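Have the sequence and the model open side by side.

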Amino acid sequence: MTMNTPEQEIAASQEQLQALQTAIRDLRREIESLREQARSGEEVNETAASKALGKASGMVATCVKVETYLNAVSYTHLRA
C-alpha cells in the first residue's frame, strides 16, 4: 500500500468535494424544476420524479461515504 502525502490527500479530497457539490447542485435544479411544474399545475412526470427521489437517496449515501473518507483522512493526519 502506498502512502499519499498530505498534499495528495488534500487534492483528492478537494476533487471529491467539488464533484459532490456539482452533483448536488444538478439534483437541486432538477428537483426545483419538478416542484415548479407541480406548483404551476403542470402534470409532473412520475418517472422523472421517481428518478429524482432515487438520485437524492443515492446522494445521501455518497455524502456519508465522502464524510467517512474525509474523517478517516483527517484522523490519519492528526495521528501522524
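Start at Ser13, which is buried at a relative accessible area of 9%. Here buried means under 20% relative accessible area, exposed means over 50%, and partly exposed is whatever falls in between, with a 1.4 Å probe and protein chains only. Ser13 sits in helix α1, which runs over residues 6–39. Leaving aside residues up to four places away in sequence, Ser13 touches Tyr69 and Leu70, where a contact means heavy atoms within 4.5 Å.

Before going further, a word on what you're looking at: this is a predicted model, with pLDDT of at least 70 needed for local features and 80 or more for side-chain atom pairs to count, while totals for chains, interfaces and linings use all residues. Residues are numbered from 1 along each chain as its sequence is written, and side-chain values use heavy atoms, with hydrogens and water left out.

Now follow α1 along its length. At 1.5 Å a residue, the 34 residues of α1 should span 50 Å, and the 48 Å between its end C-alpha atoms agrees with that; the expected span is 1.5 Å times one less than the number of residues. Which residues of α1 are buried? They are Glu9, Ser13, Leu20, Leu27 and Leu34.

From Glu15 to Leu27 is 12 residues in sequence and 18 Å in space, C-alpha to C-alpha.

Move on to Arg39, still in α1 and exposed at 63% relative accessible area. Arg39 and Ala49 are 10 residues apart in sequence, and their C-alpha atoms are 14 Å apart in space. Just after α1, Gly41 takes a positive phi of about 90°.

Time to zoom out. The protein chain has 2 helices and 0 strands. Its radius of gyration is 18 Å, well over the 12 Å that the globule rule gives for 80 residues, so the chain is more spread out than a compact globule. That radius is taken over C-alpha atoms, and the rule is 2.2 Å times the number of residues to the power 0.38. The C-alpha atoms fill a box of roughly 60 × 20 × 15 Å along the principal axes.

How much of the chain is buried? Of the 80 residues, 11% count as buried. Among contacts with a separation of 6 or more, 70% come from residues 24 or more positions apart. The chain exposes about 6,500 Å², with carbon and sulfur atoms supplying 55% of it; these areas come from the Shrake-Rupley method with a 1.4 Å probe.

Key: Helices (H or I, at least four residues) and strands (E, at least two) are DSSP runs, numbered from the N terminus.
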